[in-house]
Each structure stands twice: as C-alpha cells, then as structure tokens.
Amino acid sequence: MPRVNTFKVKVQTGQQGMSEPVHFNFNNHKLPFENVTGSAESGKVFEGSFDVNSFAHSLTLVGPESGKWEIEKITIEYDCENEKPYTVHFGRVTLDETTEVNIWQDAPVLAFDV
C-alpha cells in the first residue's frame, strides 16, 4: 500500500452527463477534486487532481446525487512516494446515486527475463 502524493483524473463523458461537481472517495472520505477543468456534462471532458499525501486503502469515483453519469473512458495518473509516476485506463461505466467505480490500481510490477 503506497503513499499517494498526487493523482490526476481525466474522464470522457458519454451521452448522459451531469452538471454537479465531481467527487471521489479516498479511504471512505468523500472529497471534491482540485484544479478542475472542463465538465462532466454530456460529451465533455472533466479533468481534476488532488494532492493526497496519504496511504491508499481505497479510491473510488462517485456517481451523481441524482440521475446517471455515462462515462466512456477514465485515465488516471498516479504519483506515489518512492515510485515512478504511472498511468492507468478504465473503460465504460455508468454511475448513479448508489454506485461508485474503483479507480485505485497499484503500480505495475516490474518484469524482467531470467
């Protein structure tokens, strides 16, 4: 379980977007993103980041308080302590007031030939 310095998220919204602020849960604490650009409205791209400076037990992207949010693609850049920054990608998902999507992923394991 690494210490996350910062993470940045980029979300491509599908046909059904949302107009409310985008939130995430980090270790069961619901927080808004910082350094936000774009929006989560239909067909738009939302980008935000957060300086966490804490150990990651869980990290989820939260659905809207009402309605549905269709997501085409999620890209996340992680900057964790003592590791090279890395990027992960997630595909389509639809969120609502009862759902969240797990966006935490450990850094890829180094592979080498023996």
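Me: Which side chain does the side chain of Ser49 make a polar contact with?
Reply: The side chain of Ser49 makes a polar contact with that of Asn35, at 3.0 Å. A polar contact is a pair of N or O atoms within 3.5 Å, where within protein one atom must be able to donate a hydrogen and the other to accept it, and residues adjacent in sequence count only if both atoms belong to side chains.

Me: Before we go on, what kind of model is this?
Reply: This is a predicted model, in which local features need pLDDT of at least 70 and side-chain atom pairs count only at pLDDT 80 or more, while totals for chains, interfaces and linings use all residues. Residues are numbered from 1 along each chain as its sequence is written, and side-chain values use heavy atoms, with hydrogens and water left out.

Me: Okay, where does Ser49 lie?
Reply: Ser49 lies in strand β5, residues 45-55; strands are DSSP runs of E with at least two residues, numbered from the N terminus.

Me: Is Ser49 buried or exposed?
Reply: Ser49 counts as buried because its relative accessibility is 9%, where buried means under 20% relative accessible area, exposed means over 50%, and partly exposed is in between, using a 1.4 Å probe and protein chains only. Leaving aside neighbours within four places in sequence, Ser49 is in contact (heavy atoms within 4.5 Å) with Phe7, Lys8, Phe33, Glu34 and Asn35.

Me: And what about Glu47, is that one buried or partly exposed?
Reply: Glu47, which is also found in strand β5, is partly exposed because its relative accessible area is 35%. Not counting residues up to four places away in sequence, Glu47 touches Val9, Lys10, Asn35, Val36 and Thr37.

Me: Which residue stands opposite Glu47 in β5?
Reply: That residue is Lys10, and β1 is joined to β5 by nine bridges, with the two strands running antiparallel. Two strands pair if DSSP finds at least two bridges between them.

Me: What else does β1 pair with?
Reply: β1 also pairs with strand β7 (residues 69-80) in the antiparallel sense, over nine bridges, and here Val4 has Cys80 in β7 as its bridge partner. Thr13 lies in β1 too, which covers residues 3-13, and Thr13 counts as buried because its relative accessibility is 2%.

Me: Switching topic, how many aromatic pairs are there?
Reply: The count comes to eight aromatic pairs, where rings of Phe, Tyr and Trp (its six-membered ring) pair if their centres lie within 6.5 Å, and planes under 30 degrees apart count as stacked, over 60 as edge-to-face and the rest as tilted. One of them joins Phe24 and Phe50, an edge-to-face pair with 5.1 Å centre to centre and 70° between the planes. That pair links distant parts of the chain, since Phe24 is in strand β2 (residues 23-26) and Phe50 is in strand β5, 26 residues apart.

Me: Are Phe24 and Phe50 buried or exposed?
Reply: Both Phe24 and Phe50 are buried. Ring pairs also link a cluster whose members include Phe7, Phe24, Phe33 and Trp104.

Me: Last one, in what order do the four strands of the open sheet come?
Reply: The order is β3-β2-β6-β10, with antiparallel pairing, and the edge strands are β3 and β10 (100-102), each of which pairs on one side only. Four bridges join β2 to strand β3 (residues 29-32), and β2 pairs with strand β6 (residues 59-62) over three bridges, where Phe24 stands opposite Leu61 in β6.
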